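Let's take a walk through this model together. Please have the viewer open as you read.

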Amino acid sequence: MLLGESGTGKELFARAIHNESARKERPFVAINCAAIPKELINAELFGYVEGAFTGAKKGGSPGKFEVADGGTLFLDEIGDMPFELQATLLRVLQEKEVIRVGGHRAIPVDVRIIAATNKNLNEEIAYNSSFRSDLYYRLNVFAIELIPLRERIGDIGALSAYFLHQLSVESGLPPKELSPEALKVLEQYTWHGNIRELNNVMERAFYLSDRSAAIMVAHLPQYIVHSNHNQSAERQPHLANLADASRSLDNIKEIKQRSDDDDREFYIQALS
Ligand SMILES: Nc1ncnc2c1ncn2[C@@H]1O[C@H](COP(=O)(O)OP(=O)(O)OP(=O)(O)O)[C@@H](O)[C@H]1O
């Protein structure tokens, strides 16, 4: 069970576990329990037989458990799994076999389960009754907590350097470094979007810095620079920051498509 805020690297970590395991030659299959409509999740996980429901494929279809056989199944956002389905999942984990929707035959499966959540499942069990405690204990055999980026600020420099290197390789543009001043600003920020947010900030800075060989404070988003100088800004709901960040990202896509210096200047002003 991987625990941690959004963007701390739970899926990356799950892939790393798989890639280091004896199962690495077999599939790694990820499913986001929060992203699939409730009525489809059963068929997605366990498969279905022909004629199981309107629109079911001819010959039926295997579910994620069967596809992941011999490998790893990553159940992301397990805290959002519909309550009714949790009992079925528990049964599959205990019996190590699935029955496709509409079918009768039990199909043996050998799958390592890695589940992830950014919710406090103990609270979901105790106060909301939205998560089954028996499933929780079955999944929580080995829990690993991925700590928020703001509690591992010593890694910000290395992570930023890694992202800048990746950006240079992907874009074919010359490599860039982070200035010590910019690093200091990043180390003081609260990073509610964690490593995903840092990645996005580096991407924005990489393109905005244009021909400069270093990422300077001026290339960082205002909401980050501002939060260092203004304590009240730090107390703003982080959703406001994320909204700012995603607006900036939309704009970056446009910036990338524009080579004209005037346009670039216009967008830099608009983002500041
Ligand atoms: N240690 C790391 N080094 C480089 N990139 C990382 C690292 N950890 C996470 N990332 C990157 O950060 C982004 C978010 O990671 P990931 O999707 O694994 O997080 P998550 O915790 O599963 O998020 P969510 O809970 O929102 O699904 C990805 O682009 C991932 O590649």
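This is a predicted model: local features need pLDDT of at least 70, side-chain atom pairs count only at pLDDT 80 or more; totals for chains, interfaces and linings use all residues.

Residues are numbered from 1 along each chain as its sequence is written.

Start with helix H7 (residues 156-171) and helix H9 (residues 194-208), whose axes come within 9 Å and cross at roughly 50°. Axes here are lines fitted to C-alpha atoms, for helices over the stretch in contact, with angles from 0 to 180 degrees between N-to-C directions. Helices are DSSP runs (H or I, at least four residues) and strands likewise (E, at least two), numbered from the N terminus. H7 and H9 are therefore oblique to each other; angles under 35 degrees count as roughly parallel, over 145 as roughly antiparallel, 65 to 115 as roughly perpendicular and the rest as oblique.

Now turn to helix H2 (residues 38-46), whose buried residues are Ile41, Asn42, Ala43, Leu45 and Phe46. Buried means that 20 or more other C-beta atoms, placed from the backbone, lie within 10 Å of a residue's own. After H2 comes glycine 47, with a positive phi near 80°.

Finally, find the ligand: of the 15 residues around it, Ser6, Gly9, Lys10, Glu11 and Leu12 come nearest. A residue counts as near if its C-beta atom, placed from the backbone, lies within 6 Å. Helix H1 (10-19), H7 and H9 each supply at least two residues of this shell.

Terms used
A residue is buried if 20 or more other C-beta atoms lie within 10 Å of its own, exposed if 12 or fewer, and partly exposed in between; C-beta atoms are placed from the backbone.
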